[in-house]
Amino acid sequence: TFVLAGWIPKKSLRETRDALIDTFAGRVIVNELILTPDEMAEAPTFYDNPRFVKPFEFLMRVVSPAKSTEFDPSPVMAIFLPLFFGIMVGDMGYGLLILVFALIMKWKFADRDWLQHLMNILIIGAIWTIFFGWLYGEILGDMGEHMGWIEPQTLFGVSWNRIDAMVPFLILSVAIGVFHVILGLVLGIVNSYTEMSCKRHVDKAKKHICEKTGMIIVIIGLILVIAGMVLALPAALVTTGAILVIVAIPLIFIGGGAFGMFEIMGTVSNILSYSRIMAIGMASVILAAVANKLGGMMEVALVGVIIAVLLHTLNLVLAMFSPFLHSLRLHLVEFDSKFYEGGGKMYKPFKKENGEKPT
């Protein structure tokens, strides 16, 4: 008689039990152990995400797998990373070219899983790029507008021609940053609440909840103060914002001590970092416009076409790498830092590998 103890995903327990009973005719008994929260905290990490999240789960595994007790940021990344990519590139022509490139790479290198994941991310980003290209009225920069193929759309009273709408574009980028950072802080509170089930983490979790709650209140208070002063809103709104900041400071100090006070500036800096969404996007559209204008200035049509193609190719290569890396940074640094620790141990099923003995 021998005993094996190990981990198995909850969803696979019944299937495993039935398979062992059928195979060994009742000679194997499977018992589900009742574990304490502290013991459950040592469980390995098992990802169980929908198919469209898998490429982003791959990115998080490469960086650092989530602990089994913390929120997995992969589903959130699956929503926002391609969205940020699309906002930055925002060109129907580039989006179609990126889509074709990703499909070709998936076809030629079907045996390389890591490349398949990256190309799937590019495909989702390309779809968002095409959508925002329609919104901005861009096909290979301003070529589509000059040819009469497309025009910038008007939304919320703003015509989203990026060169003419720099200020609204900047406000949109910062607003995205506010939402994204607050979401990260909320997830941090959720993680800390989950950790409170472990006795050894109770005090630490309570402090984190205080600090992150205070940080959310500070952000809301600062928004009210700044909006009230810039837009000349009623003084009561500015006063409310100032009161919120004052109320939040003790919470932050209780949760993070003196270092927590410095973290306020760090959080504000994180939010302002989202302005890169506007900056990268503007750089892309300006380079595309330069390519069109410079190509059109050439007296020899063939020379003009070659120059335009070369500059657009350079811009396309930059569009595939720079927005992706900056979108990834916004998640790993500005967003994940608000709730994510990582360092999890991946679940590895008990099985034979390459004909060897079970490990």
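**Close-up views of a helical chain**

**Figure 1. Packing of helices α11 and α12.** Helix α11 (residues 276–297) and α12 have axes that come within 8 Å and cross at roughly 175°. An angle over 145 degrees counts as roughly antiparallel, so α11 is roughly antiparallel to α12. The model shown here and in the other views is predicted. On the α11 side, the contact is formed by R276, I277, I280, S284, L287, A288, A291, N292, L294 and G295. These residues meet G304, I307, A308, L311, H312, N315, L318, S322, P323, H326, R329 and L330 of α12. Sorted by class, the residues of this contact comprise 12 nonpolar, 8 polar and 2 charged.

**Figure 2. Crossing of helices α8 and α12.** Helix α12 (residues 301–335) also packs against α8, with axes that come within 10 Å and cross at roughly 50°. This angle makes α8 oblique to α12. The crossing in which α8 passes α12 is right-handed. From α8, the residues H180, V181, L183, G184 and L187 take part, and from α12 the residues H331, E334 and F335. The contact of α8 with α12 divides into 4 nonpolar, 3 polar and 1 charged residues.

**Figure 3. Crossing of helices α3 and α6.** Helix α3 (residues 54–63) packs on helix α6 (residues 113–136) at an angle of about 125°, and the two axes lie 8 Å apart. At this angle α3 is oblique to α6. The crossing of α3 past α6 is left-handed. In α3 the contacting residues are K54, P55, F56, F58 and L59. Their partners in α6 are W114, H117, L118, N120, I121 and I124. By class, the contact of α3 with α6 has 8 nonpolar, 2 polar and 1 charged residues.

Figure 4. N191 belongs to helix α8, which spans residues 166–195. Its relative accessibility is 6%. The cut-off for buried is under 20% relative accessible area, so N191 counts as buried. When residues up to four places away in sequence are not counted, N191 touches T69, E70, F71 and F339.

Figure 5. L170 is another residue of helix α8. With 33% relative accessibility, L170 counts as partly exposed, whereas N191 counts as buried. Apart from neighbours within four places in sequence, L170 is in contact with S275 and M278. The C-alpha atoms of L170 and D72 are 30 Å apart in space, and the two residues are 98 apart in sequence.

**Figure 6. Loop residue L140.** L140 is found in the loop between α6 and α7 (143–146). Although L140 is not a glycine, its phi is positive, at about 50°. L140 has a relative accessibility of 22% and counts as partly exposed.

**Figure 7. Position of T213 in helix α9.** T213 lies in helix α9, which covers residues 202–230. The relative accessible area of T213 is 28%, which places T213 among partly exposed residues. T213 and L135 are 78 residues apart along the chain, and their C-alpha atoms are separated by 36 Å.

**Figure 8. The chain that holds these views.** The secondary structure of the protein chain amounts to 12 helices and 2 strands. Along the sequence, these elements follow the pattern α-α-α-α-α-α-α-β-β-α-α-α-α-α. Along the principal axes, the C-alpha atoms fill a box of roughly 90 × 60 × 30 Å. The radius of gyration of the protein chain is 26 Å, while a compact globule of 359 residues would have one near 21 Å. In the protein chain, 39% of the 359 residues count as buried. For contacts between residues at least 6 apart in sequence, 72% join residues at least 24 apart.

Definitions and conventions:
Residues numbered from 1 in each chain as written. Predicted model: local features only at pLDDT ≥ 70, side-chain atom pairs only at ≥ 80, totals over all residues. Heavy atoms only, no water. Axes fitted to C-alpha atoms, helices over the stretch in contact; angles between N-to-C directions. Helix = DSSP H or I, 4+ residues; strand = E, 2+ residues; numbered from the N terminus. Parallel < 35°, antiparallel > 145°, perpendicular 65-115°, else oblique. Left-handed = near helix turned anticlockwise from the far one by under 90°. Contact = heavy atoms within 4.5 Å. Nonpolar A, V, L, I, M, F, W, Y, C, P; charged D, E, K, R; others polar. Rg over C-alpha atoms; globule rule 2.2 N^0.38 Å. Buried < 20%, exposed > 50% of the residue type's maximum accessible area, 1.4 Å probe, protein only.
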